Amino acid sequence: MKKLVVLISGNGSNLQSILDACTSGRINGSVAAVFSNKASAFGLTRAQQAGIPAHALAATEYPDREAFDRQLMQEIDAYAPDLVVLAGYMRILSSAFVAHYHDRLLNIHPSLLPKYPGLHTHRQALANGDTEHGTSVHFVTEELDGGPVILQARVPVFAEDTEADVIARVQHQEHAIYPLVIGWFIDGRLQMREGAAWLDGAPLPAHGYAHD
């Protein structure tokens with residue numbers, strides 16, 4: 001059975017959706033370990049409750065980002081994962097980390113990329129009067145939130161929405177599409193080739209997979 005390592009920084013709701021999908025067989029693999037850059041992250045508790053090794057590394061214990069990432073890579077590699085999954089991991093990755101897991105590093109970002117890379121995406125959507133927002137699963141490259149998009153989910157934004165309303169709507173979609181994409185990768189259907197996402201032997205369009 002193929003193995004995942006999941007990186008988190010907070011509540012771990014996407015982690016929970018991945019764990020549930022592994023348990024139900026929607027992902028034909030297992031989570032081997034969970035790592036966080038914050039010892040207080042509730043996602044670590046979710047991992048422990050599921051009987052999965054949970055590790056916290058504090059950036060303050062390392063002289064720079066590169067040293068932190070070297071230690072993180074060493075600890076991840078001890079589990080020999082087939083795929084590394086970023087699920088609300090809030091640290092910018094070093095180029096060495098991205099290169100080390102090239103072609104097997106996924107992220108989910110709460111916007112319809114390439115719109116709103118970085119932080120505070122929901123706030124920006126509301127401030128700009130957007131009527132549509134969403135989330136994107138993509139391969140990770142050195143460009144922040146700039147790797148090839150695999151799948152997006154769109155949600156409406158209503159005039160009376162608060163930021164909490166938009167977050168809840170987007171997260172509901174995240175919990176559906178992230179396990180789906182991870183399952184594609186684990187089943188050998190999804191690859192990154194020539195700087196693009198490929199599904200079932202064909203390159204995906206710029207905004208990812210879409211039903212005909």
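By class, 15 nonpolar, 19 polar and six charged residues make up the lining of the largest pocket. The model is predicted. The volume of this pocket is about 990 Å³.

Start at the centre of the pocket. Of the 40 lining residues, Gly88, Tyr89, Met90, Ile108 and Pro110 lie nearest to that point. Next, look at which elements build the lining. At least two residues each come from helix H1 (13-24), helix H4 (95-100), strand E5 (105-109), helix H5 (121-127) and helix H6 (163-186). The biggest share is that of H6, which gives four residues.

Now follow H6 itself. The helix has 24 residues. Its first and last C-alpha atoms are 34 Å apart, close to the 34 Å expected at 1.5 Å a residue. Even so, H6 has a kink of about 25°, centred on Glu174. Glu174 is also one of the buried residues of the helix.

An α-helix has 3.6 residues a turn, so residues three or four places apart point the same way. The buried residues of H6 include Val166, Val170, Glu174, Ile177 and Tyr178. Further along, Pro179 is buried, and the list goes on with Val181, Ile182, Gly183, Trp184, Phe185 and Ile186. Just after the helix, Gly188 takes a positive phi of about 80°.

Trp184 leads on to the aromatic contacts. The whole structure holds four aromatic pairs. One of them joins Trp184 and Tyr209, with ring centres 5.4 Å apart. Their planes stand at 70°, so this pair is edge-to-face, the cut-off being over 60 degrees. The pair links distant parts of the chain: Trp184 sits in helix H6, and Tyr209 in the segment after strand E10 (202-203), 25 residues apart.

Are these two partners buried or exposed? Trp184 has a relative accessible area of 7%, so Trp184 is buried, the limit being under 20%. Tyr209 has a relative accessible area of 30% and is therefore partly exposed.

A second pair is that of Phe97 and Tyr101. The ring centres of Phe97 and Tyr101 are 4.9 Å apart. Their planes meet at 55°, so the pair counts as tilted. Both Phe97 and Tyr101 are buried.

Terms used: Residues are numbered from 1 along each chain as its sequence is written. This is a predicted model: local features need pLDDT of at least 70, side-chain atom pairs count only at pLDDT 80 or more; totals for chains, interfaces and linings use all residues. Side-chain values use heavy atoms; hydrogens and water are left out. On a 1 Å grid over the protein atoms alone, a cavity is a set of points where a 1.4 Å probe fits but cannot get out, and a pocket is an open set with protein on both sides within 12 Å along at least five of seven lines; lining residues have an atom within 4 Å of a point. Grid points are joined across faces, edges and corners, and a volume is the space filled by probe spheres set on the points. Ala, Val, Leu, Ile, Met, Phe, Trp, Tyr, Cys and Pro count as nonpolar, Asp, Glu, Lys and Arg as charged, and the others, Gly among them, as polar. The expected span of a helix is 1.5 Å times one less than its number of residues. The bend at a residue is the angle between axes fitted to the seven residues ending there and the seven starting there. Buried means under 20% relative accessible area, exposed over 50%, partly exposed in between (1.4 Å probe, protein chains only). Rings of Phe, Tyr and Trp (its six-membered ring) pair if their centres lie within 6.5 Å; planes under 30 degrees apart count as stacked, over 60 as edge-to-face and the rest as tilted.
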